[in-house]
Amino acid sequence: DPIRSNAEVHGIVLAGGSAFGLAAADGLMQWLHEHGVGLCTAFGLIPIVPSAVIFDLTIGDASARADASRGYEAASCSTDHESSEGNVGVGTGATVGKWAGIDHQMKGGVGTCSVRVGDLVVGALVVVNSVGDVMDEQGNVLAGSWNKIKQSLTAKDAPYRPMGIRESFEGTNTTLMICACNAHLSKTDLYKVAERMHNGMARAIMPAHTSWDGDVTFALSSGTVSADVDTVAHLASLMTTQAIQRAVRAAKELHGCPDASIIH
């Protein structure tokens, strides 16, 4: 929020397990505190860790949840190497294409994508757990609601998607998105970047922003590279679209929930 006084963020937690998964932030905060990272106050360091979770209890054991120990472990294993995608971490239980009902859902997951333009680097990391289908670059269904003969329930020329059993949707769908860049941007600039990331989501997910989706964007800047905010926002939007598509391409069947390969 650009009107709030604090401008520091020391880590972000994205976790499964619904609200229970918020406990993972305690572990990251502990790790950061032990390593001397946090907001300097008169009473000591306080790590600032925004967090968001997905509802993934429809796949596997609903009692398997991220907790503080998992958050600490994830921080301890952090690396600057290439990130894994698909069924990893918070993406393990993510699903998409639930507009026709839970029985027609398909595997979602984690995806990443980044771009370099001169000295500017803009990257996106997403967790795709949506009501809607994920669309490919040509506007065809990449992953989404499917029928028992392994076909997509929606053709390119028939985009209308009547919602299925609505009671099963409520509180169970969230697409989480992070953009990080090395530009020198203000909090107001980053607010604009976070807004524009939703454009990227709307290109990749159909339908997007339904009454049953709780979508969240985070935008971070850690650098000193001079860049126009609209350039950063546009690149963030493009990287968001591609990261969503990469997430479902990398996802694999889990506990009977199929991946995108069954309709291709």
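Strands β7 and β8 run antiparallel and are joined by nine bridges; helices (H or I, at least four residues) and strands (E, at least two) are DSSP runs, numbered from the N terminus. The model is a predicted one, in which local features need pLDDT of at least 70 and side-chain atom pairs count only at pLDDT 80 or more, while totals for chains, interfaces and linings use all residues. Residues are numbered from 1 along each chain as its sequence is written, and side-chain values use heavy atoms, with hydrogens and water left out.

Ile 178 of β11 is the bridge partner of Leu 125. In a regular strand, side chains alternate between the two faces of the sheet.

Axes are lines fitted to C-alpha atoms, for helices over the stretch in contact, and angles run from 0 to 180 degrees between N-to-C directions.

Val 225 lies in strand β13. Apart from its neighbours within four places in sequence, Val 225 is in contact (heavy atoms within 4.5 Å) with Asp 119, Leu 120, Asn 182, Ala 183 and His 184.

Helices α3 and α4 also pack together, at an angle of about 35 degrees and with their axes 7 Å apart. The contact includes Val 193, Met 197 and Met 201 of α3 and Val 229, Leu 238 and Ile 244 of α4. The residues of this contact divide into 10 nonpolar, six polar and five charged; Ala, Val, Leu, Ile, Met, Phe, Trp, Tyr, Cys and Pro count as nonpolar, Asp, Glu, Lys and Arg as charged, and the others, Gly among them, as polar.

A further helix pair is formed by α1 (residues 24-34) and α2 (residues 68-76), whose axes come within 6 Å and cross at roughly 45 degrees. Helix α1 is therefore oblique to α2. Among the residues making the contact are Leu 28 and Trp 31 of α1 and Tyr 72 and Ala 75 of α2. The residues of the contact of α1 with α2 divide into six nonpolar, four polar and two charged.

The structure holds four salt bridges, each defined as a side-chain nitrogen of Lys or Arg within 4 Å of a carboxyl oxygen of Asp or Glu. One of them joins the side chains of Glu 85 and Arg 246 (2.8 Å, N to O). This pair links distant parts of the chain, 161 residues apart: Glu 85 is in the loop between α2 and β5 (95-96), and Arg 246 is in helix α4.

How values were computed
Angles under 35 degrees count as roughly parallel, over 145 as roughly antiparallel, 65 to 115 as roughly perpendicular and the rest as oblique. Two strands pair if DSSP finds at least two bridges between them.
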